[in-house]
Amino acid sequence: PVNRLSLITLWLIFLGVSIYNIQNKDWNRPIRLIKDDVHFYYIYSAAVVVYHDVKFDRVYNKLPGSIRRDLWLPTHKETGKSYSKMSLGLALVYAPFTAFAHYVLVPLTGDAPDGYSPPYKMGLLLSAMLFFLFGLWHLRKILLEHFSESVTALTLIIVAFGTNLSWYITTEATMSHVYSFALIIYLYRLLQKWFRYPTTGLTIASGLVFGLIVLIRPTNLMFIVLFFATNDIRNRVMYLFQHAGKIMLMIAMFLVVWIPQFAFWKYVSGDWFLYTYNNETFFWHNPQIISSIFSFRKGWLVYTPLMALAFIGLPLLWKQSRNLFWQVVSVLALLIFINSSWWCWWFGGSYGNRAYIDGYGIYALSIAALFKAISERKIKLLNITGIVVLAAFTCLNLFQTWQYR
């Protein structure tokens, strides 16, 4: 109960910081919450919920002038119809909160019902905060299956306060990362249950959640590796074949989530699939691995040094649980390779390399293994030194987050 109370208290702190960060006139600043990539995620939600129209060219002409200046919508060469560069996964998440803002908050505040006034930003911020709590809650459940309450609590604090996740649950909370972070943790938990008891309910839930994860960020298809990451790959493959019917149902549920996207692409282009990134691509033959991790230009461990603990903990995780080891190593290896192969491996304007945040819930298993090994040694000086170092790097992260803002 104390740990659960601490988790909720931590969430309330972040909610308070987030609201404080964009209070008063800051709510109206165009660079807060709805900016950059979020424009392309959110346009679906604004179009359908606020303007009741899927024709983006008509919706665009109704948007506030400050929004039109920052939102460019490409048009299909053959049909001339406008579309968004991003897939609509986040819009599905945003939609209930946008509706709450439009039909409840706007009438209460009297703000403009244009989809971009402060009530809509409040609704979006609330969505990010709830997903953040949802993710931490399930991460706690996962960690407690393998580690003590104290190790679990310390790991949660490091993930929440000691990494660049703190930036993406405050000032840029509406980017895709906190949502992916939470849903991937939830998928992991669903799959662990499914491998023990492959019920129809768990099958449907796993397919729907995985479909949403990939619809939010298509490169997250790589988390399919969680189906195979184990120390006994032969038995795992046999298990999957034995439950082929359930796998087909899971795939069907995955595709159900994608129906709105396929329908929109069909409407825009006449085809069921539309590649919206034009010349942006991956360079699989030339991944910038060293730069992605160590470069001053958004190097992951340069700006989020505490995530080095995930690498340090791998040998200890190998000793404690081979299954967990292969899960963490598989996710780490794929994320590093895929992220460093993207043409823009530094992922634009961000605090640190934001593309790694999606897997933080998985890396947390390795971090917890390190904390467990240190705590079991019962060397007081080592424990005190460790806490001081962790506190120092956590403060560094929070300070740099403030600097970046």
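User: In this predicted model, which residues do ring pairs link into a cluster?

Analyst: The structure is a predicted model, and a search of the whole of it finds 38 aromatic pairs. Among the residues that take part in such pairing, ring pairs join one set into a cluster, whose members are Tyr 42, Tyr 94, Tyr 116, Phe 131, Phe 134, Tyr 179 and Tyr 186.

User: At what angle do helix H6 and helix H8 pack?

Analyst: Helix H6 covers residues 118-144 and helix H8 covers residues 177-196. Phe 131 and Phe 134 are among the H6 residues that meet H8, where Tyr 179 and Tyr 186 are among the partners, and by class this contact has 16 nonpolar, 3 polar and 2 charged residues. The crossing of H6 and H8 is left-handed, and with their axes 8 Å apart the two helices pack at an angle of about 30 degrees.

User: Is the crossing of H6 and H7 left-handed or right-handed?

Analyst: H6 and helix H7, which spans residues 149-161, pack at an angle of about 145 degrees, with axes 10 Å apart. On the H6 side the contact includes Phe 132, Leu 136 and Arg 140, and on the H7 side it includes Glu 149, Thr 152 and Leu 156; by class, it has 7 nonpolar, 2 polar and 2 charged residues. The crossing of H6 and H7 is right-handed.

User: What is the geometry of the aromatic pair that Phe 40 and Trp 72 form?

Analyst: A pair of aromatic rings is described by the distance of the centres and the angle of the planes. For Phe 40 and Trp 72 the centres are 5.3 Å apart and the planes stand at 65 degrees; because planes over 60 degrees apart count as edge-to-face, the pair formed by Phe 40 and Trp 72 is edge-to-face.

User: How many residues apart in sequence are the parts that Phe 40 and Trp 72 tie together?

Analyst: Phe 40 counts as buried at 6% relative accessibility, whereas Trp 72 counts as partly exposed at 48%. Phe 40 lies in helix H2 (residues 37-50), while Trp 72 lies in the loop between helix H4 (65-70) and helix H5 (89-109), so the pair ties together parts whose separation in sequence is 32 residues.

User: Which ring does the charged end of Arg 297 sit over?

Analyst: The model has charged ends placed over aromatic rings, and one of these belongs to Arg 236, which sits over the ring of Phe 195 at 3.8 Å from its centre. The charged end of Arg 297 is 3.7 Å from the centre of the ring it sits over, that of Trp 346.

Technical notes:
Residues numbered from 1 in each chain as written. Predicted model: local features only at pLDDT ≥ 70, side-chain atom pairs only at ≥ 80, totals over all residues. Heavy atoms only, no water. Axes fitted to C-alpha atoms, helices over the stretch in contact; angles between N-to-C directions. Helix = DSSP H or I, 4+ residues; strand = E, 2+ residues; numbered from the N terminus. Left-handed = near helix turned anticlockwise from the far one by under 90°. Contact = heavy atoms within 4.5 Å. Nonpolar A, V, L, I, M, F, W, Y, C, P; charged D, E, K, R; others polar. Phe/Tyr/Trp six-rings, centres within 6.5 Å; stacked < 30°, edge-to-face > 60°. Buried < 20%, exposed > 50% of the residue type's maximum accessible area, 1.4 Å probe, protein only. Lys NZ or Arg CZ within 6 Å of the ring centre and 35° of its normal.
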